[in-house]
Amino acid sequence: MMLTPSWQMRLADEFNKDYMLALQQFLSLQQEQGKVIYPVEDERFTALNKTPFEKVRVVILGQDPYHGEGQAHGLSFSVKPNVKVPPSLVNIYKELEMDLGIAPVSHGFLEQWAEQGVLLLNSVLTVEASKAGSHQNKGWEIFTDKIIELINNEHQGVVFMLWGAYAQKKGRHIDRDKHCVLESVHPSPLSAYRGFLGCQHFSKANDYLVALGKEPIKWALEPVKSADEVEQSLQIGLPF
């Protein structure tokens with residue numbers, strides 16, 4: 001799987017290391033055994049390919065891909081346009097409305113954020129269907145630690161949003177003098193009301209970026225069409 005050039009030049013050596021070779025062997029064996037893996041192979045590096053290294057302005061760190069059918073597509077917290085918005089993302093939308101007055105959209109497709117420089121990175125990039133956490137400790141964490149290290153070392157003034165103890169532990173080596181680190185509990189329904197709702201991370205991120213002379217993130221999402229609606233538009237000649 002090729003990466004966008006700015007990531008490829010920085011990560012190419014990782015694919016030849018023992019941990020990544022072992023991970024590739026594990027994934028191949030899973031496929032040979034007929035196990036369903038999410039996201040599909042060509043979407044595993046969507047976060048990197050939608051947000052090239054030089055464009056990274058914000059990092060939102062997740063843990064595992066969604067393990068339900070049709071949900072995961074390589075961006076943390078995001079689902080495809082025709083998939084029900086998951087509970088954690090519902091709470092993210094609630095906080096957006098509380099913080100910036102942005103009304104929730106009907107979809108959970110966050111690609112528009114990724115294209116603006118929001119790296120939606122999961123710590124683990126694959127999962128077996130219906131088995132949460134099934135690909136943890138297989139090597140992905142080493143790979144994504146490297147991604148965070150590169151951003152920390154080579155960038156200046158990136159906003160890291162670390163939601164929950166897992167993300168905070170993974171981001172413990174981020175240089176707080178070079179970057180803005182925003183921490184809260186996870187947006188899961190189990191914890192969101194203990195500090196995520198009301199954290200104002202989205203306005204704080206934009207305030208920080210603007211203070212550095214950078215463009216703020218347009219957090220308001222535009223409506224998107226499902227794959228079926230796009231296909232119907234093509235069939236009858238409508239623009240999409």
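How many of the five residues of strand β3 are buried? The views below, taken from a predicted model, start there.

**View 1. Strand β3, residues 118-122, is largely enclosed by the rest of the structure.** Five of its five residues are buried, hence under 20% relative accessible area. In a regular strand the side chains alternate between the two faces of the sheet. Val 118, Leu 120 and Asn 122 point one way from β3. Leu 119 and Leu 121 point the other way. Both sets are buried.

**View 2. Strand β2 pairs with β3.** Strand β2 covers residues 58-62. Five bridges link β2 and β3, in the parallel sense. Asn 122 of β3 is the bridge partner of Gly 62.

**View 3. Four strands make up an open sheet.** Their order is β3-β2-β5-β6, and the pairing is parallel. The edges are β3 and β6, each with a single partner strand, so one side of each is left without a neighbour in the sheet. On average, neighbouring strands of this sheet are turned by 20° against each other, direction ignored.

View 4. Trp 163 has Ser 184 of β6 as its bridge partner.

Terms used
Residues are numbered from 1 along each chain as its sequence is written. This is a predicted model: local features need pLDDT of at least 70, side-chain atom pairs count only at pLDDT 80 or more; totals for chains, interfaces and linings use all residues. Side-chain values use heavy atoms; hydrogens and water are left out. Buried means under 20% relative accessible area, exposed over 50%, partly exposed in between (1.4 Å probe, protein chains only). Helices (H or I, at least four residues) and strands (E, at least two) are DSSP runs, numbered from the N terminus. Two strands pair if DSSP finds at least two bridges between them. Axes are lines fitted to C-alpha atoms, for helices over the stretch in contact, and angles run from 0 to 180 degrees between N-to-C directions.
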